[in-house]
Amino acid sequence: MSEEALDLQEKVVVAMSGGVDSSVAALLLHQQGYPVVGVSMQVWDYRNHGGQSSKATCCAPDDFTDARKVAASIGVPYYVVDFEKSFRREVIDKFVATYQRGETPNPCVDCNNQVKFRELRERAFSFGCSSVATGHFAQIEERDDGFHLIRGVDSNKDQTYFLYGIQQEELKNTLFPVGGYTKSQVRELAEQAGLTTANKPESQDICFVSGSVKEFLVKIGKKSSTGAILDRNGQQIGEHDGISNFTVGQRRGIGVGGTEIPLYVLELDAKNNAVIVGAREDLERESFTVSEVNWVSPEYGPSKTKSFKAMAQLRHRHQGVLVQVELLEDGRMECSFLEDWSIVSPGQAAVLYDLDNRELLAGGRIQRFN
Amino acid sequence: MSKEAINFDRNASYGLLVEVAGELHRSGLQHLNPSSIHSGGQEARALVEEARERVGILVGASGSDRVVFTSGATEANNMAVSLAREGKAVCSAIEHPSVLEPLRSFGIDVLEIAPLFSPEAFLDACSEETKVVSLMLANNETGVILSVKETASLIRKHYPNTLIHCDAVQAAGKMELVFSELGVDMLTVSSHKIGGLAGTGALVVSERVPTKAFIVGGPQETRWRGGTENVLGVAAFGVAAKLVHSQLVNRIQSMETSTEKFEQLVLNSISEVSFHDFGYQKIPNTLNLHVPGVVADDLVVALDLAGLYVSSGAACASGKPDPSHVLLALGLNEKVARETLRVSLGAEHEQSEIELAAKLLSEQITNMRKVRRSA
């Protein structure tokens with residue numbers, strides 16, 4: 001849906017989590033003269049699942065208080081808006097289902113794709129606002145051929161990996177005000193402006209999980225059951241307490257001691273509720289397939305070059321690895337390692353960047369191996 | 001408050017009357033302790049007593065009734081309800097949370113009667129053991145007027161020992177209110193709902209109610225409520241009460257005219273909307289607009305950004321508004337309740353303001369429908 005058909009003002013909805021990044025995003029836009037509307041997204045009803053504290057999670061009532069204070073000190077209106085239904089459907093339900101399939105979900109990607117950049121944008125339009133801004137460390141460059149998504153200058157904090165699902169139409173009226181700053185510069189700006197969140201610790205892990213994933217699944221009524229840890233030959237060498245506690249490629253926390261070599265999770269067998277482990281070399285692959293591909297860069301796509309090299313990022317904290325990309329007829333991408341191989345986890349996002357590892361080209365989900 | 005914004009959320013807070021602000025400046029902000037013997041205390045005492053008289057006149061109290069100043073209607077309601085501690089109580093299901101919450105938490109065995117009740121049905125719920133009944137006169141969310149006088153009369157006849165409390169917070173200043181004729185023992189009123197400052201209210205008690213302080217710690221308010229009186233707040237209450245009472249007929253007329261005009265403009269300019277009719281008489285300033293397919297909470301935000309203040313039921317501390325218990329109790333389903341806007345007008349609107357408000361509402365609903373989000 002294009003916003004030209006609607007009669008919108010130039011106001012910008014800034015998604016405020018109560019953290020320092022989004023606080024400074026709002027601050028910067030306000031200083032630059034944009035009419036800012038601060039919005040906290042209520043995605044999770046804390047009254048039923050936990051409480052007030054913002055210690056390990058994000059967007060708890062304490063965080064709203066912080067966001068409200070920041071909005072008031074900047075001098076912009078602030079609202080808490082209900083996104084619970086959408087979040088449950090697009091993020092939580094998917095999160096649970098993915099684990100139960102034996103894959104590792106990527107809730108932050110789902111949230112960005114569906115909730116932040118689709119639903120929030122729609123809500124912003126319904127409020128008569130024409131743009132959305134977040135505190136993501138990312139940058140947008142407008143060129144003749146369209147909008148390009150670029151990593152944030154702080155390579156340690158860059159969050160473009162989670163934004164691979166964004167559409168051109170969305171980039172057109174999205175702003176990432178802090179992408180051009182380092183994290184410490186952001187904190188400094190907050191401090192200079194006297195914002196209450198200047199020194200607030202970052203929320204770790206998944207915003208809606210305050211303990212372990214296992215505890216979370218139990219809390220929402222999905223129990224994990226114990227099962228066998230098997231070696232490649234199918235011999236049982238241990239017991240696990242739920243396959244959702246494991247990710248392919250994981251090394252720590254397997255709980256099987258006394259082996260000569262370090263063990264890695266090779267595969268999660270949801271059908272038999274088993275975790276298959278082996279040596280690191282057993283994880284080595286030549287290639288992997290990416291489905292549900294979203295093309296971001298206007299220079300790439302199914303109608304453009306079908307074969308190219310790219311830097312593939314396979315996890316949040318991953319340096320990236322050089323791959324040869326081949327577009328398949330059905331829209332999927334086949335990626336082959338050109339130099340080193342990297343551990344590949346089905347269900348995780350694979351995001352392609354240009355050879356400078358700077359511009360995000362496309363992204364999708366790593367498919368299960370056959 | 002943005003100077004240009006139109007306030008159609010008067011039931012939340014009326015807004016300080018210009019005359020009240022003026023009077024406060026005139027009499028000054030400096031007030032000493034009314035209990036002090038010296039002249040400073042005497043001046044403060046005089047202000048408090050004058051205000052007390054005016055609030056008494058506003059509610060139609062008689063000479064033997066007592067006006068007890070409190071920190072607000074919530075405290076007054078807590079006071080009244082606490083007289084049922086460790087006993088039984090009956091109230092309507094659409095009472096304000098400041099009545100419902102203490103009833104549910106003071107060890108009281110409370111029965112909440114769904115509205116559209118007859119006085120007889122309410123009586124049936126009472127017994128010899130009922131210590132207190134509480135019935136609001138006008139509901140804050142919908143404006144509906146409950147049959148307090150008839151119900152009180154029945155209860156008084158059958159259970160003369162039961163104390164009858166009436167929350168008249170929304171009724172005061174919007175309809176005729178005569179405490180001595182209502183047949184109740186206790187009545188709550190609030191200053192900021194009639195154009196005074198928030199932080200002051202009153203519980204009016206008839207002489208048969210035994211003195212029982214809720215806030216204990218001083219002999220103030222004839223031992224009904226300890227603590228140094230909020231002279232500034234009380235004085236403001238008195239000024240508002242005097243003004244509202246003396247102009248009551250005109251104010252009611254003005255509210256009726258404004259509300260009717262607004263209703264007309266809305267129905268003529270916006271398709272597929274309707275105003276709820278709950279089958280009760282209402283105070284003249286409150287409307288509930290149903291906007292199918294639109295989430296009222298979102299509309300409130302859009303309207304605020306456009307310069308019109310309205311509301312959509314209770315907003316709670318977790319940041320997530322729940323559907324109004326009142327709308328649900330009055331028979332709306334959850335979806336419709338979430339699509340319902342509350343509009344509550346004042347008594348001083350210009351025609352142009354009404355027209356602008358209707359226009360803003362139309363524009364925002366139109367935009368929202370285009371964006372097509374469903375509840």
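Predicted model: local features only at pLDDT ≥ 70, side-chain atom pairs only at ≥ 80, totals over all residues.
Select strands β2 to β8 of chain B. Seven strands form an open sheet with mixed pairing, in the order β2-β8-β7-β6-β5-β3-β4. Look at the edges: β2 (66-70) and β4 (109-113) of chain B each pair on one side only. On average, neighbouring strands of this sheet are turned by 20° against each other, direction ignored.

Next, select residues 186-190 and 201-205 of chain B, which are β7 and β8. These two strands pair in the antiparallel sense over five bridges. In one of these strands, β8(B), Gly201(B) is the bridge partner of Ser190(B).

**The core of 68 residues.** Select Phe69(B), Phe122(B), Leu137(B), Leu146(B), Val184(B), Leu187(B) and Val189(B); within the largest nonpolar core, of 68 residues, they touch the most other members. Helix α8 (residues 231-246) of chain B gives the most to this core, with 10 residues.

Centre on Leu137(B). Beyond its neighbours within four places in sequence, its contacts include Val144(B), Leu146(B), Cys166(B), Asp167(B), Met175(B) and Leu182(B). Another core, of 59 residues, lies apart from the largest one; Phe95(A), Ala124(A), Ala302(B) and Val310(B) are among its members.

**The helix pair in chain A.** Select α1 (residues 20-31) and α6 (residues 183-192) of chain A, which pack at an angle of about 65° with their axes 9 Å apart. The crossing of α1(A) past α6(A) is left-handed. Show side chains: Val20(A), Asp21(A), Val24(A), Leu27(A) and Leu28(A) of α1(A) meet Lys183(A), Val186(A), Arg187(A), Leu189(A) and Ala190(A) of α6(A). By class, this contact has seven nonpolar, three charged and no polar residues.

Methods. Residues numbered from 1 in each chain as written. Chains lettered and ligands numbered in written order. Heavy atoms only, no water. Pairing = 2+ DSSP bridges. Helix = DSSP H or I, 4+ residues; strand = E, 2+ residues; numbered from the N terminus. Axes fitted to C-alpha atoms, helices over the stretch in contact; angles between N-to-C directions. Left-handed = near helix turned anticlockwise from the far one by under 90°. Contact = heavy atoms within 4.5 Å. Nonpolar A, V, L, I, M, F, W, Y, C, P; charged D, E, K, R; others polar. Core = buried A, V, L, I, M, F, W, Y, C linked by side-chain atoms within 4.5 Å. Buried < 20%, exposed > 50% of the residue type's maximum accessible area, 1.4 Å probe, protein only.
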